Amino acid sequence: MSSNNWQPVIGLEVHVQLATKTKLFSSSPIAFGAEPNTQANEIDLGLPGVLPVLNKEAISHALKFGCAINAEISEKVIFARKNYFYPDLPKGYQISQLDDPIVGKGSIKIKLGEKSKIIGVTRAHLEEDAGKSIHDLYSNNSAIDLNRAGTCLLEIVSEPDLSSAEEAIEYLKKIHSIVTFLGISDGDMSQGSMRCDANVSVKKPNDHELGTRTELKNINSFKFVEKAIIFEIDRQIKELENGKEIIQETRLYDSKKNLTQSMRSKEEANDYRYFPEPDLIPIKISKDQINNVRKNLPELPEIMKERFMKSYGLSNENAELVTANKETASFFEDVLSYKVSPKIAVNWITGDLFALLNKNDTNILESEVSPKHIAEIIQNIEDQKISGPSAKKLLEIVWSKGGEIQELIQKEGLEQISNDDEIEKILDEVIFENQKQFEQLKSGKDRLQGFFVGQVMKKTSGSASPKVVNKLLKDKLSK
Amino acid sequence: MSELIKLSLTDQILGLTDKSFSSKEITEAYLNEIKKKKSLNCYISVFEEESKENALIADENIIKNKARPLEGIPIAHKDIFCIKDKKTTCGSKMLSNFISPYSSEVFSKLDNAGAITLGKTNMDEFAMGSSNETSFYGNVLNPINEKLSPGGSSGGSAAAVRANLCSFATATDTGGSIRQPASFCGVTGIKPTYGRVSRWGMIAFASSLDQAGIIAKNAKDAAIALKYMSGFDQKDSTSLNEEVKDFQKEVDAKQDHVIGIPKELIENIKNDQVRDSFNNSISILEKDGAKIEEINLPHIEYSLPAYYVIAPAECSANLARYDGIRFGHRSDSVSSLEDLYVNSRTEGFGREVKNRIFIGTFCLSAGYYDAFYNKALKIRNLIKNDFDEAFKKVSSIAMPTCSNSSFELGSISDPVEMYEQDIYTIPANLAGLPAISIPSGIANEMPIGLQLIGNYLDEGRILNLANKFQKLTDFHEFK
């Protein structure tokens, strides 16, 4: 079997929870982690006689997304009822959109190494979220938490333009970066702020028709999206190569077993009986409103990246890394506000700081090291007050203990020894201990220079200025 | 004492203001009458103690010259309006245990205007019915002849007004549920323009058609009551942000009238007494100076089928929330989630409600949506256009309220024959226009009504015309 004979075709439906103050159709607040059913009012409970009132903030968030991906914006926004029964769906229907989604056709550019690819966005529409059913809390009983019921979702539907799990991940990352840069979502997958369904099929490269697709439901991390798609592509290829047919169905990804399982087939599929929501009147969106959103759109990652390369002289790779999300980008610019070299700053952020974040399994928002800390460390190196190795040590101390940089340098004895006499004494010691090597260096084995510098650094626990050591060593050789 | 309850609202307000009698007296008189005529089954709940307490507070307000517009006036609410901490059944077993945690806007407005809520009136289950026989609480008897139906669905409200069991009553009208029982009981009932009165807290049957209104002794009373019930409510997105004219002034103002008569429709009336009475009413108004114009409503004959697609379709979704999960009836015999749904709904809903849920679900199903629902919406638009055309040359349109007077309880078993009860009332709902029914004659020794339909937001005009008719005739007087 060779997967080269098959070409995967993937489309994604991404549900982004919008960071609005209140729910899509009620004044209940939205906050993750509140006590069950404390953020659900009579509207969210679907009590008899209640009516929805549209949250305008959700409209403005959706418009921002539409403008950011250069999409068509509908002049008229109509909501529809999607009917189905489920215990955590209080009204027995979800208020969603069918015709005239607020965001129409648009596109998103993704990077694949050196190349880039345009992925079509079919539509993005507003809808309310359901509550949560909890089946493992009580024996013989299920529990329902309606705190999430009615929160605003933007469902972003892509064209089947993705052809690998890798591309799917890049597309997801791009959406994540757009919505966080726009400030319309926290994009936090672990809290369900971004959820993804994937439509997967495979076909022969020369086939014009698409193969039968399956829908993978509710995958809640980038890693699992990748694994689920890879598994499903592989499963479909195996089925087809064994002469079997792919059944159009919904499949659930089991992250523990790393496989997808059939949930329901098309024949059993729900008929959602959509019809226009009579409790809401169509919302008109004016050209002025759209132009206004467009005018006030924050700088998007793509443009910010170019600016960073142009005005700060960052490499493509580094610019990409610091614009991966809004928080990192603003951290970077905050460091620059202390007038330090952008190139040095970016190296500290993407190198040592990222390493620390990884090690502590956290993100830049939770960083114990502030932009001011980084800027002061860089300044101290440039002023030759601390050495590079001491600076790295200092960063770790700031992370674990906190405090002011200047105080810490003194308290931890990290000041660089730039007193020539003191360093010369140590250098003499080193030469004395390594006479043979010194002779070799003298006779032209230049690469031993580093050895001597290193030995001095070791003896001074990194606090000697390498510049001074080099200078003194050169003096001694020329004698 | 019993004379107080027969006074018009206008006279009751006068008497309370000049302290000829107290709210305590009038409230107790109504409560006594309610007890005496318990067998009419007009009320589902009566708030005896609370009414008495509120009457004392009202009397205090009156003494302190702090009386509000309806201070101390005892009224009744159809049991479709939620009242905080009160049982709100909607005439259904499904909600026989439902205590509402919030109040409807209709209740709040009248409560704030000083009215005293005596209790909640009986109705067809979920407002689906034209005879009051679908109520879980048993049918209401027509006070004029107890063998006959009071009409429906607001039969309890109409009979309560007719039997002097309240000063006036709130009601709702989706396809004629205010006007038909008003016609059957010889009282005045007005359904205002769709969106004039807030639907917040009014249990939904068909959201795009449901409208709250008033059943009262005469047009003047109805004008006063409606004035304090109407107005924009931001909790209802379909509520109209339009100035509410002072109906109380308009009802008595000097106005010229041009009355449109749909000639073809009148000629096709099968019941001679109804047709003769209608023609007699028109000649009374003509003699008084009204101009009469023939008009054409070419699509009105499709009202009934269009209505019986749209209303059930909306109802099928609106009633999905009654699933036994969060409130309402839950079946005792449950061994699975499906059982919970099926058994709770099977036991909780009556036959007519189930019929309509079936019809609606069918009409919205894949493959039938265009043939039924979409077509019905198109017809609805045509009917609206017919009215718009007609109102270019007339100020109101007259037709009978019903094709017959009240019928014997239990005499109509064919649902379609029952649906035909609404043949003249439905068009105003489809077009969202205000319409009033006033007593205008006798057929088979029972009252029949004249229906006046007004232009959009022009309730004042039909109230004025109705008042004019009631000055010239005595059909509205209870004998």
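Predicted model: local features only at pLDDT ≥ 70, side-chain atom pairs only at ≥ 80, totals over all residues.
β1(A) has pairings with two strands described here. With strand β10 of chain A, residues 194-203, β1(A) pairs in the antiparallel sense over ten bridges. Within that pairing, A:G11 has A:N199 of β10(A) as its bridge partner. Strand β9 of chain A, residues 152-158, also runs antiparallel to β1(A), and five bridges join these two strands. Here A:V14 stands opposite A:I156 of β9(A). In general, the strands of a sheet pair through backbone hydrogen bonds, in either a parallel or an antiparallel way.

Chain A also holds an open sheet of three strands, ordered β4-β3-β14, in which the pairing is antiparallel. The edges are taken by β4(A), residues 93-96, and β14(A), residues 275-276; each has a single partner strand, so one side of each is left without a neighbour in the sheet. Between β3(A), residues 80-83, and β14(A) the antiparallel pairing rests on two bridges. In that pairing A:P276 of β14(A) is the bridge partner of A:A80.

The helices of chain A come next. Two packed helices are described by the angle between their axes and by the distance between the axes. For α2(A), residues 165-182, and α3(A), residues 222-241, the angle is about 155° and the axes are 9 Å apart. An angle over 145 degrees counts as roughly antiparallel, and α2(A) is therefore roughly antiparallel to α3(A). The crossing of α2(A) past α3(A) is right-handed. From α2(A), the residues A:A165, A:A168, A:I169 and A:L172 take part in the contact, and they meet A:F222, A:V225, A:E226, A:I229 and A:I230 of α3(A). Sorted by class, this contact has eight nonpolar residues, no polar residues and one charged residue.

On the α12(A) side the contact consists of A:D420, A:I423, A:E424 and A:L427, which meet A:V468, A:V469, A:L472 and A:L473 of α15(A). Its classes are six nonpolar, no polar and two charged residues.

One residue of this contact can be followed further. A:L472 is found in α15(A). A:L472 counts as buried because 21 other C-beta atoms lie within 10 Å, where the cut-off for burial is 20 or more. With neighbours within four places in sequence left aside, A:L472 is in contact with A:D420, A:I423, A:E424 and A:L427. A:L472 lies 94 residues from A:I378 in sequence, and the two are 25 Å apart in space, C-alpha to C-alpha.

The last topic is the contact between the chains. Chain B contributes 36 residues to this contact and chain A contributes 25 residues. On the side of chain B that touches chain A, α11(B) (303-318), α12(B) (337-348) and α13(B) (351-364) each supply at least two residues. Of the elements on this side, α11(B) gives the most, with three residues. By class, the residues on this side of chain B are 20 nonpolar, nine polar and seven charged.

Terms used. Residues numbered from 1 in each chain as written. Chains lettered and ligands numbered in written order. Contact = placed C-beta atoms within 7 Å. Helix = DSSP H or I, 4+ residues; strand = E, 2+ residues; numbered from the N terminus. Nonpolar A, V, L, I, M, F, W, Y, C, P; charged D, E, K, R; others polar. Pairing = 2+ DSSP bridges. Axes fitted to C-alpha atoms, helices over the stretch in contact; angles between N-to-C directions. Parallel < 35°, antiparallel > 145°, perpendicular 65-115°, else oblique. Left-handed = near helix turned anticlockwise from the far one by under 90°. Buried ≥ 20, exposed ≤ 12 C-beta atoms within 10 Å, placed from the backbone.
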